[in-house]
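Have the viewer open as you read.

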Amino acid sequence: MTAVTRPPAPATTVPAARSHTTWAAVFALARFEARRLLLRLPVLVAFAVYTGWTLWRTPSSWNGYPALQDADRATQSGTLLIGLAVLLCANQAVLRSRRHDTERHFAVCVLAPWRRTVAHLLSVVPAALLTAVCVGGQFTWEALKPGAVGHGSPGELLVGPLAVLLFGAAGVLLARVVPGALAAPLLIVLALSFSVLGTGFGGDGRTRWLAPVVSENSTATLPSDLLGRPAAWHALYLTGLALSLALVAVLLSGGLRLRTVRTGLAGAVALTLVGAVAQSGEVPAETSAARTRASVSPEKVQECTERDGTTYCVYPEWGPRVRHWDPVVDRVRSLAGATAADRPLLVRQRVEARYGLSGDAAIRPLTRPGEVTVGTAWGGNRVPEFSVAVAGVLVAGRESEVGALCDGRMVTVMWLGLAGRPDPIGDLRSVRLDDSASGAAVVVSQTEPLSMTGAHTELVRELLERPRDAVAAKVRANWAELTTPKVTTGRVAELLGLPAPTESDECL
């Protein structure tokens, strides 16, 4: 009897089909785990908190006048909560088979352990994409505000989604290294303690850029080209670190013999090192020079425009703000005496950028006649603050002399600055350091603060409560004497038809 032999099938046919089936199973498992991850209570709560905070804060953020180079960084801190929730849930998903004692059943499945790890790593991608949608929505909301200026950074906007990917990969890796239920919660507590106590990667040194999100100490708004933040390098660092953690998790799950994984890990580590080294460098020399030029000689980089006798000089990104400043100047001018109402003014935008975002530094007052300082922030308290600054220059002549006022001219300055406002008494409180409307107080300013005595406050309140047009007529009629240096507070009260003040007239 002759045996019939058949030629064997090509060696590549079965492995190719099997490989296709195996990766289809990986993606199917990834879709299942991703859906389950997004429906876990910690992740749902984290997204709800982030969304709720965004909906509550964004309508009033920056008083409706955001600088987009600040708005992009504001999207980052909230994503850390999402990242921690993803870390916890991804870790628990990997450990689910151990908790339910089903790990031995996977031995008969088509997926090797390292492929299951790949599926869990892929499952955190939808959470990162959803975070990117939230970040994009928050930033777009800010950018569409009529008062928005400046430019956002793609590198800064990528930090939130990349942080979620990083935390998710860390959760999967932790499950492969320490297969215990308490490992992830302990890691989260440790991370929160570092954040709250300011330890770990904090400070101003190079190591702070090793953290996923790097905040700044300053509340100042700088032109976007003066920030000096290595946002693109930081995004590259986070990308490389997330890939490194993910590939290490695959290696520890049985993928040590896979040449592709080892090569990928080498590339990911290289990306991480390149990003880490590049982001930890010093501020470029050209950025430092630009900061000094913008701080010391702003006229060299600013654009100027003239409107009705007032010249506005601004940094290039702030051109649209002129239309918001001009009505404030016009209202103050309309209440001043004839010698001041038509006086040429120069409103110059100024910022102290030489120290970057490491701290808030004071701005020295201008010394040339008729020049007024305006900052890079606007809206809220900044509006009456600027209005008072314009009034001070119209009364004293120079900004450098306004901070030294301690006579009756302070009454004229404060009335002139606040009388044209919709809520003058409320604005009086908002420009004073202690938010009061009685007694002596310090009046905040972009440059040197002003000082009001109790007598000044008493007269200003009385004037603001009287009909504005009637008071304006008396101010114009007595402008020369009201703006004379060392005019007494009592004389000002007499000229404006007010009873003599009863409160103390001593400056702080």
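Which element gives the most to the lining of the largest cavity? That's α15, with four residues. Keep in mind that this is a predicted model. Rolling a probe the size of a water molecule over the atoms shows where empty space is left, and here the count comes to three cavities of 30 Å³ or more.

**The largest cavity**
- Its volume comes out at about 110 Å³.
- The lining is made up of 13 residues, and those nearest the centre are A389, V402, S445, T447 and L450.
- Two elements, α15 (382-396) and α16 (399-402), each give two or more residues to this lining.
- Sorted by class, the lining of the largest cavity has seven nonpolar residues, plus three polar and three charged ones.

**The second largest cavity**
- This one has a volume of about 60 Å³.
- Its lining consists of T373, V374, G375, A377, W378, R382, E385, F386, A389 and Q446.
- Here the elements giving two or more residues are β4 (371-374) and α15.
- Once again α15 gives the most, with four residues in the lining of the second largest cavity.

**What the two linings share**
- Helix α15 is the top contributor to the lining of the largest cavity and to that of the second largest cavity.

Conventions: Residues numbered from 1 in each chain as written. Predicted model: local features only at pLDDT ≥ 70, side-chain atom pairs only at ≥ 80, totals over all residues. Heavy atoms only, no water. 1 Å grid on protein atoms, 1.4 Å probe; cavity = no way out; pocket = protein on both sides within 12 Å on 5 of 7 lines; lining within 4 Å. Points joined across faces, edges and corners; volume = space filled by probe spheres on them. Nonpolar A, V, L, I, M, F, W, Y, C, P; charged D, E, K, R; others polar.
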